[in-house]
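Here is a short tour of one protein model. Keep the sequence and the 3D view open as you read.

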Amino acid sequence: MSVSAIVLAAGEGSRMRSSRPKPLHLICGRAMVLHVIHALEKLQPTRTSVVVGHQAESVMSKVAERAPDWANVAFVEQLEQNGTGDAAAVGMTAFDGDDYDDEATIVILPGDTPLLGPETLDELVATHVANQNACTLLTSVLEDPTGYGRIIRKKDGQVARIVEQRDASPDELDIKEWNTGILCFRRDLLGPALRNLTTDNAQGEYYLTDVVAALADMGHRVGAVQADAAETQGVNDRWQLALAERELRNRTNRHWLLNGVTMLDPRQTFIDVNVTIGRDVTLYPGTMLQGATVIGDGCELGPDTRLSDCTVGNGAVVEHSVGHNAEIGNDTVVGPYAHLPAGSAVLSNATTGAFYTAPVG
């Protein structure tokens with residue numbers, strides 16, 4: 001089964017109130033758009049087309065540096081933001097060949113859904129292929145889906161169309177099922193449908209969602225897979241960014257708790273997604289492990305300790321201390337109130353004592 005992906009990451013994200021491009025805002029130490037790319041892991045895409053626009057150079061540089069090799073990332077630039085339909089058409093230009101006789105699956109997803117899980121995308125594509133659908137949507141249900149496009153279904157349960165909030169009638173606004181913006185298509189049907197889009201809507205843009213209605217009206221099968229709303233909601237401002245950080249931190253902490261790490265209070269323990277931790281490690285409240293930090297077995301860290309891109313040997317004890325890009329040896333006692341600057345090291349079996357600053361080099 002051949003699968004390619006288009007990640008839409010061209011928007012400015014003005015509600016973030018930031019000079020940093022929206023796709024590069026960090027959640028648990030990883031840029032938001034990179035979380036989306038990592039969600040494709042089970043699909044192992046032949047090509048991942050990342051559509052950039054606002055501050056394109058910055059986004060391309062960071063994604064090229066940090067994206068996993070299996071994602072096979074390529075970049076295309078949307079010079080003018082003319083809607084999701086236009087962005088998808090731009091994204092299609094990264095794929096080899098033409099779309100007229102290619103029945104491969106193309107997954108399209110926004111670059112601001114960092115909580116999306118690989119299992120959900122895998123189920124979406126598996127359902128799409130098993131049912132021989134032209135299009136399959138990932139939908140969700142909210143008691144108040146204000147702002148989201150609503151899912152209009154046929155009597156047989158298939159999807160008829162998606163109506164955007166601004167274009168919806170009062171009855172359509174009462175529908176609780178909404179479009180997450182995550183869809184998959186047969187390539188040979190998506191390409192021609194994109195070329196036939198118009199801007200006849202409230203925003204004067206090319207809506208990707210109009211492709212759904214076009215395919216359904218032609219008699220093609222359009223299905224849906226329903227996912228948890230907490231996993232599929234986008235991040236549009238700093239409040240939503242904080243909520244996503246909290247949820248992902250809970251997931252990360254649960255993973256380590258189930259793999260031999262003790263946390264006295266998980267709510268006060270902060271672990272980035274690229275951190276590696278050994279067995280029988282105890283983390284006291286206020287511990288922050290960031291970047292690509294690696295913790296050996298049997299360590300005790302904290303309280304109030306921050307280590308970023310550090311390596312900590314087996315059996316080490318680090319309390320009330322800060323380290324950046326430093327090495328801590330086996331069975332070492334660091335702190336309290338030690339500072340380990342970039343490039344420093346504390347040798348195995350050493351004890352630093354209080355208020356210690358490690359020499360560099």
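## Cysteines

At 0% relative accessibility, C135 is a buried residue. Buried means under 20% relative accessible area, exposed over 50%, and partly exposed in between, with a 1.4 Å probe and protein chains only. This is a predicted model, in which local features need pLDDT of at least 70, side-chain atom pairs count only at pLDDT 80 or more, and totals for chains, interfaces and linings use all residues. Residues are numbered from 1 along each chain as its sequence is written, and side-chain values use heavy atoms, with hydrogens and water left out.

Which cysteine sulfur is closest to that of C135? The sulfur in C184 is, at 6.8 Å, and that is too far for a bond. A disulfide is a covalent bond between the sulfur atoms of two cysteines. Here it is counted when the two cysteine sulfur atoms lie within 2.5 Å. The structure holds zero disulfides. C28 is therefore in none; its nearest cysteine sulfur, that of C310, is 18 Å away. C28 is buried too, with a relative accessible area of 2%.

## Helix α7

Helices (H or I, at least four residues) and strands (E, at least two) are DSSP runs, numbered from the N terminus. Helix α7 covers residues 209-217, and its buried residues are T209, V211, V212, A213, L215 and A216. What do these residues pack against? Their partners are the strands β7 (135-141), β9 (159-163), β10 (177-186) and β11 (222-226), plus the helix α6 (187-195). A contact here means heavy atoms within 4.5 Å. Just after α7 comes G219, with a positive phi of about 95°.

## An open sheet and a loop

Five strands form an open sheet in the order β12-β15-β18-β21-β24, with parallel pairing. Two strands pair if DSSP finds at least two bridges between them. The edge strands, β12 (261-263) and β24 (333-334), each pair on one side only. Look at β15 (residues 281-283) and β18 (residues 300-301): they pair in the parallel sense over two bridges. L283 stands opposite L301 in β18.

Now find H320, in the loop between β21 (317-318) and β22 (322-324). Is H320 buried or partly exposed? H320 is partly exposed, at a relative accessible area of 22%. Leaving aside residues up to four places away in sequence, H320 touches P303, D304, T305, P336, Y337 and A338. V261 is 59 residues from H320 in sequence, and the two lie 19 Å apart in space, C-alpha to C-alpha.

## Two pockets

Rolling a probe the size of a water molecule over the atoms shows where empty space is left. On a 1 Å grid over the protein atoms alone, a pocket is an open set of points where a 1.4 Å probe fits, with protein on both sides within 12 Å along at least five of seven lines; lining residues have an atom within 4 Å of a point. Grid points are joined across faces, edges and corners, and a volume is the space filled by probe spheres set on the points.

| Largest | About 1,500 Å³ | R15, K22, T84, D112 and N236 |

In the largest pocket, β10 gives the largest share of the lining, five residues. In the second largest pocket, the largest share, also five residues, comes from α9.
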